[in-house]
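This report describes one protein chain for a reader who is new to structural work. Please keep the sequence and the three-dimensional view at hand while reading.

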Amino acid sequence: MYTFSEAAHLAHVSPGTVRNWLLGNQQCGRPPLFNAQENQGPMVSFLQLIEIMVAGNFRKAEHVSFDRVRRAYANAQRIWHLEYPFAHLRLQAIGGHVVRLMHEDAPDTSFQAVDEPGQWTIPGLVIETILQLEYEQDFAAKWYPVGKQVPIVVDPRISSGLPTIIGRGVTVQAIRARFKANQKIDFIAQDFALDRSVIEEAIRYADQVAA
């Protein structure tokens, strides 16, 4: 589980956005974007974190409106009867539409719009969001926040779901803390038996999350 602040840092949105998307905004009369868990408190599950990250990327990269993302989420839940559609479906935003990758189920149809059911769009680039996720039993199980070519992973089963170095379990924040304590990158790399480039990537990512 993650606090609203932790989830916001990892998903690169504000804590207020996390709160509003899960609990709604009574002052503005805006309902939640996602269906909150029963007795939803100020904590976020891994699947909720992935959904926040996906929705945030849609809005930032493709300028998809809140209402369109919310409509897509509701339609996906209704059509596929899924509790966490943004963590289950491989989604993509093309031309302002939130769409589901269809190539596995129907290779000839390519993409189906989720925000406007029945409308089909032309194939487009697979956005970074999809490439960062690894699925198990159709649900997002691991998230590679810098891409799978970099050995940094967010796995809810390791180190309480904090970003870690694959195969080591050491958090990127622990590496950053040692660097900020004036330990040399080469010393840290030798201590953890990691390449210098991995330590540099960990520090770079940790700085980004901490910003």
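Is Phe179 buried, partly exposed or exposed? The model under discussion is predicted. In this model Phe179 has a relative accessibility of 30%, and it therefore counts as partly exposed, because the buried class ends under 20% and the exposed class begins over 50%. Phe179 belongs to helix H7, which covers residues 172–180. Leaving out residues up to four places away in sequence, Phe179 touches Ile185, Ile188 and Ile203. Between Phe179 and Ile203 there are 24 residues of separation in sequence, while their C-alpha atoms are 7.7 Å apart in space.

**The chain as a whole**

The chain contains nine helices and ten strands. Of its 211 residues, 48% are buried. The accessible surface amounts to about 10800 Å², and carbon and sulfur atoms account for 51% of this area. Contacts between residues at least 6 apart in sequence can also be sorted by separation: 47% of them join residues at least 24 apart.

**The largest nonpolar core**

Which residues touch the most other members of the largest nonpolar core? They are Leu49 and Phe86, in a core of 59 residues. The element that gives the most to this core is helix H3 (residues 46–62), with nine residues.

Phe86 deserves a separate description. Its relative accessible area is 1%, so Phe86 is buried. Beyond its neighbours within four places in sequence, Phe86 is in contact with several residues, including Ile50, Val54, Phe58, Val69 and Leu91. Phe34 and Tyr73 are also among the contacts of Phe86, and both return below as ring partners.

**Aromatic pairs**

A pair of aromatic rings is described by the distance of the centres and the angle of the planes. The count of aromatic pairs in the model is four.

| Pair | Centre to centre | Angle between planes | Arrangement |
|---|---|---|---|
| Phe34 and Phe86 | 6.3 Å | 80° | edge-to-face |
| Tyr73 and Phe86 | 5.1 Å | 90° | edge-to-face |

Where in the chain do Phe34 and Phe86 lie? Phe34 is in the loop between helix H2 (15–23) and strand E2 (43–44), whereas Phe86 is in helix H5 (residues 85–88). The two residues are 52 residues apart, and their pair links distant parts of the chain. Phe34 has a relative accessibility of 3% and so counts as buried.

In the other pair, Tyr73 lies in helix H4 (residues 66–80) and Phe86 in helix H5, so the pair ties together parts that are 13 residues apart in sequence. Both Tyr73 and Phe86 are buried.

Arg30 lies over the face of Phe66, at 4.2 Å from the ring centre.

**A strand hairpin**

How do strands E7 and E8 pair? Strand E7 (residues 133–136) and strand E8 (residues 139–143) run in the antiparallel sense and are joined over four bridges. Within this pairing, Tyr135 stands opposite Ala140 in E8. The hairpin of E7 and E8 has two residues between the strands, and Gln137 takes a positive phi near 55° there. In a regular strand the side chains alternate between the two faces of the sheet.

Technical notes:
Residues numbered from 1 in each chain as written. Predicted model: local features only at pLDDT ≥ 70, side-chain atom pairs only at ≥ 80, totals over all residues. Heavy atoms only, no water. Core = buried A, V, L, I, M, F, W, Y, C linked by side-chain atoms within 4.5 Å. Buried < 20%, exposed > 50% of the residue type's maximum accessible area, 1.4 Å probe, protein only. Contact = heavy atoms within 4.5 Å. Phe/Tyr/Trp six-rings, centres within 6.5 Å; stacked < 30°, edge-to-face > 60°. Lys NZ or Arg CZ within 6 Å of the ring centre and 35° of its normal. Areas by Shrake-Rupley, 256 points an atom, 1.4 Å probe, with all protein chains shown as cover. Pairing = 2+ DSSP bridges.
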